[in-house]
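Dear colleague,

Please find the structure below, with its sequence.

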Amino acid sequence: MIVARRNSILFSALAGFLLFSLASNHLLSLEDRTASAAMTLQGTGATFPAPLYQRWFKEYNQMHPDVQINYQALGSGAGIKQFQQGLVDFGASDAAMTDEEIAAVKNGVVLLPMTAGSIVLTYNVPGLSELKLSRDAYVGIFLGKITKWNDPVIAKANPGAALPDTAITVVSRSDGSGTTFVFTSHLSAISADWKNGPGAGKAVTFPAGVAGKGNPGVTALIKQTPGAIGYVEYGYAKQTGMPMATLENKSGQFIKPDLASGQKALAGVALPANLRAWITDPAEADAYPIVTYTWLLCYKKYSDPKTAETLKSVIKYGLSQGQSFSADLGYIPLPAATVDQVTKALDQIS
Amino acid sequence: MTSGAIREVSRPPTGLEIASDRIFRQLSLAGAAFTLVLVVWIVVSIARVAAPAVHTYGFAPLVSTTWDANRAEFGILPAIWGTLYSSILGLIIGTVFGLAIAIFLSEGFLALGLDAVITAMGLSDNPFWASMPVRIQDLLQIIIELLAAIPSVVYGLWGIFVIIPLVRPPADWLHSHLGWIPFFSTTLSGPGMLPAALVLAIMVLPTISAISRDALVAVPPKMREAAFGIGATRWEAILAIFVPTAATGIFGAIILGFGRALGETMALAMLAGNANVMSWSMFSPANTLAALLANHFPEADQVEVGALMYAALVLLAITLMVNVVGTVILQRADSQLKGLR
């Protein structure tokens with residue numbers, strides 16, 4: 001009997017707890033609803049511009065406390081996917097949507113380049129602070145044909161440098177990524193072997209080496225592996241203090257990755273009307289060779305006009321004041337002509 | 001005791017008590033049934049998404065070695081190989097240490113040393129000090145079980161920053177001196193099978209040591225006394241009688257550890273190198289099914305998701321099989337020992 005009574009006490013405690021949690025859930029959801037009386041915008045997409053976007057959205061929220069913008073940096077592919085399925089108010093991607101992808105969105109798509117960035121080759125060769133890589137050298141390394149740091153192809157561009165007899169370990173991204181897309185598109189543009197071999201894409205099977213997850217994974221592997229080389233975003237390499245290789249560009253010059261050389265690359269590219277341009281191999285004399293725009297994906301028509309208005313206001317902020325944060329965070333501010341073009345394109349959104 | 005209190009204690013159950021009893025029983029039953037339904041549900045829903053891929057590719061992915069989403073080639077053989085290789089290697093290391101810990105904690109080795117100290121200090125009559133060895137044993141067991149509470153991603157980071165630099169010098173030495181042995185045939189560039197397996201070994205350690213210890217403790221006292229009674233030394237008793245008696249339980253522990261190792265994702269995605277390579281070398285980078293899934297899901301398109309679900313189904317089949325075998329063995333171990341008690 002005592003056992004039975006204990007059971008019933010336990011049971012009523014359980015039932016009470018259940019009721020309580022149901023009630024508190026209910027209260028919570030009520031709270032949610034009142035909060036959403038203000039404007040909330042949902043976005044998903046690329047990790048590359050995420051630090052910049054998040055900075056914009058925070059600053060914007062401080063000026064307009066009634067507007068809350070949630071940006072989830074799940075990756076370019078996820079950004080495009082969720083945007084196509086209509087799960088978000090806007091998407092973001094380092095790889096502009098293709099025509100087929102655009103055709104699948106019935107509300108229409110406006111692609112807006114918001115910022116740009118360089119992709120750098122970062123390495124871990126003890127005792128080597130400066131490294132110049134010719135086109136043959138870095139294509140050869142990533143194809144797995146050049147396997148030692150003292151290979152004559154690398155040595156040719158680095159006279160006097162103490163290149164060790166260490167094996168090269170290529171580090172690539174294990175997860176699908178816009179960074180991989182931009183980098184492999186560049187390799188495909190400059191090397192037929194790459195184009196016909198691994199090819200270009202968000203997830204490419206690299207012929208050599210190991211792979212880490214995300215920029216942090218790649219960076220950690222490079223730091224821990226003497227002889228490693230890999231590709232990461234310029235802003236990330238800058239923040240983590242990784243050495244960056246100087247690369248040979250289309251005109252045969254060796255260019256250091258920095259703000260100026262990135263801007264040169266953008267300057268040489270005129271954006272078409274749909275604002276979609278792949279800069280696979282910039283031709284300007286002083287341009288850094290691996291540079292990309294990154295896009296916000298917006299619908300042409302929004303069911304709620306207030307959403308469209310708010311989104312446009314946020315984007316205008318990003319295009320004007322927002323650009324001033326770019327250089328600090330390792331991005332390339334958009335050229336003035338591009339800002340004008342993108343601002344005009346906002347009129348398509350309603 | 002007053003008659004009132006007796007009446008209070010021996011009264012028949014009230015309607016509320018009977019009702020709550022029944023409801024509680026029904027709730028428990030529903031909870032148990034729900035767990036079963038959940039397993040079936042997961043299997044069915046994965047199988048449904050994987051069906052188109054299974055239909056299109058048949059058994060080809062199981063023998064193909066290339067995973068290239070751009071060319072719609074989805075070979076998972078290297079991932080299956082890597083999953084089994086890393087798990088078995090990790091398991092061998094984990095078993096050696098796990099079993100050693102289990103023997104140490106169950107056969108009173110700690111008490112042997114500590115008792116002498118306590119007696120020498122004249123504290124053996126003090127109940128607090130006399131129970132010290134048992135307490136320390138329990139504490140050690142808890143600490144080992146705490147290993148299971150460390151998040152997988154922490155193990156991964158620890159592996160990258162501690163294990164890899166630690167194993168690189170011996171690995172380089174083994175490769176340059178014994179490179180003709182297939183297990184040492186490549187250099188360890190950084191991430192690879194060995195660091196992954198070492199971290200796996202630590203992760204399965206709590207499972208193996210806890211269950212093996214239980215199995216050793218369950219060896220009937222009659223048997224222990226008989227062993228020493230016929231004049232066996234401590235080591236003879238442990239190795240020739242206790243361990244073989246507990247063997248089924250220990251084997252079950254190993255199989256359950258195997259199941260845990262197979263499904264481990266994050267640490268392996270960070271340490272194995274994610275390269276679709278099949279090699280006998282412990283220093284070569286590799287890939288595993290779970291890491292493959294974790295890496296490719298977020299950016300996968302419709303076709304690739306199908307292929308990934310195919311891989312998930314294969315992983316699920318392997319793990320389910322291993323776990324079922326482990327559970328069956330453990331149950332057998334229990335019933336075998338029953339006759340001896």
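In chain B, H4(B) passes H9(B) in a right-handed crossing; a crossing is right-handed if the near helix is turned clockwise from the far one by less than a right angle, and left-handed if anticlockwise. Helix H4 covers residues 77-106 of chain B and helix H9 covers residues 193-217 of chain B; the two pack at an angle of about 40°, with their axes 5 Å apart. Axes here are lines fitted to C-alpha atoms, for helices over the stretch in contact, and angles run from 0 to 180 degrees between N-to-C directions. H4(B) and H9(B) are therefore oblique to each other: angles under 35 degrees count as roughly parallel, over 145 as roughly antiparallel, 65 to 115 as roughly perpendicular, and the rest as oblique. The contact of H4(B) with H9(B) has 20 nonpolar, 10 polar and 1 charged residues. In these classes, Ala, Val, Leu, Ile, Met, Phe, Trp, Tyr, Cys and Pro count as nonpolar, Asp, Glu, Lys and Arg as charged, and the others, Gly among them, as polar. Helices (H or I, at least four residues) and strands (E, at least two) are DSSP runs, numbered from the N terminus.

Please note that this is a predicted model, in which local features need pLDDT of at least 70 and side-chain atom pairs count only at pLDDT 80 or more, while totals for chains, interfaces and linings use all residues. Residues are numbered from 1 along each chain as its sequence is written, chains are lettered from A and ligands numbered from 1 in the order in which they are written, and side-chain values use heavy atoms, with hydrogens and water left out.

A further helix pair in chain B is H5 (residues 109-120) with H7 (residues 132-146), which pack at an angle of about 140° with their axes 9 Å apart. That angle makes H5(B) oblique to H7(B), and H5(B) passes H7(B) in a right-handed crossing.

The largest pocket has a volume of about 990 Å³. Of the 50 residues that line the largest pocket, the closest to its centre are A:Ala208, A:Gly209, A:Val210, B:Ala275 and B:Pro285. At least two lining residues each come from strands S6 (169-173) and S7 (210-212) of chain A, and from strand S1 (67-68), helix H8 (152-178) and helix H14 (289-296) of chain B. The lining of the largest pocket divides into 22 nonpolar, 22 polar and 6 charged residues.

The second largest pocket holds about 720 Å³ of space. Among the 30 residues that line the second largest pocket, A:Glu101, A:Lys202, B:Glu299, B:Ala300 and B:Asp301 are the closest to its centre. Helices H3 (76-84) and H4 (99-103) of chain A and helix H15 (302-338) of chain B each supply at least two residues of this lining. By class, the lining of the second largest pocket has 13 nonpolar, 9 polar and 8 charged residues.

For both kinds of space, a 1 Å grid over the protein atoms alone is used: a cavity is a set of points where a 1.4 Å probe fits but cannot get out, a pocket is an open set with protein on both sides within 12 Å along at least five of seven lines, and lining residues have an atom within 4 Å of a point. Grid points are joined across faces, edges and corners, and a volume is the space filled by probe spheres set on the points.

The structure holds 4 cavities of 30 Å³ or more, and the largest cavity has a volume of about 80 Å³. Its lining includes A:Phe181, A:Trp278 and A:Trp295. The largest share, 4 residues, comes from S11(A), and the lining divides into 8 nonpolar, 3 polar and no charged residues.

Lastly, some individual residues. A:Leu275 has a positive phi, near 60°, in a residue other than glycine; A:Leu275 lies in the loop between helix H11 (259-267) and strand S11 (291-299) of chain A. At 2% relative accessibility, A:Leu275 counts as buried (under 20% relative accessible area, with exposed over 50% and partly exposed in between; 1.4 Å probe, protein chains only). A:Tyr288 is found in the loop between H11 and S11 of chain A and is buried, with a relative accessible area of 0%. In chain B, the phi of B:Asn274 is positive, near 50°, and B:Asn274 is buried at 12%.

Kind regards
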